[in-house]
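Trainee: I would like to go through the salt bridges here. Please set each value against its definition.

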Amino acid sequence: MVAINERVDIPESELEFSFSRSGGPGGQNVNKVETKVTLAFRLDDSTALTDLEKSRIRRKLANRINKEGHLVLQCDVHRTQIANREEVVNRFAAMLVEALKV
């Protein structure tokens, strides 16, 4: 579960992760290891959010939601997939906290 606030927890099963090669310098592992993490969250399919919350998120994060209704974030600042995954989940949670504020 990803804790958003005292009332909202997003199940990790609602988050889709994909991995790809990260650009830039990386030593001997560059172009070999898939450390870049992309998180996709299907807003409309979420069972953890009410319709009002979904509407608020859709309005406040319109520039981050693609045509299919996925909220998409990427992270490739760290050298490991695990660290990038943790970072992108933290960013996702922080983004939803701000979007859900009235």
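Mentor: Start with Lys-101 and Glu-98, whose side chains meet in a salt bridge at 3.0 Å, N to O. This is a predicted model, where local features need pLDDT of at least 70, side-chain atom pairs count only at pLDDT 80 or more, and totals for chains, interfaces and linings use all residues. Residues are numbered from 1 along each chain as its sequence is written, and side-chain values use heavy atoms, with hydrogens and water left out.

Trainee: Why is the contact of Lys-101 and Glu-98 called a salt bridge?

Mentor: The term requires a side-chain nitrogen of Lys or Arg within 4 Å of a carboxyl oxygen of Asp or Glu. Lys-101 and Glu-98 are at 3.0 Å, so the pair qualifies.

Trainee: What makes Lys-101 partly exposed?

Mentor: Buried means under 20% relative accessible area, exposed over 50%, partly exposed in between (1.4 Å probe, protein chains only). Lys-101 has 45%, so it is partly exposed. Glu-98, at 47%, also counts as partly exposed.

Trainee: Which residues do salt bridges with shared partners join into one network?

Mentor: Glu-16, Arg-42 and Asp-45.

Trainee: What makes Arg-85 and Glu-12 a salt bridge?

Mentor: Their closest N and O atoms are 3.2 Å apart. That is within 4 Å, so the term applies.

Trainee: Which parts does the pair tie together?

Mentor: Arg-85 lies in helix 2 (residues 81-100), and Glu-12 in the loop between strand 2 (9-10) and strand 3 (15-20), so the tied parts are 73 residues apart in sequence. Helices (H or I, at least four residues) and strands (E, at least two) are DSSP runs, numbered from the N terminus.
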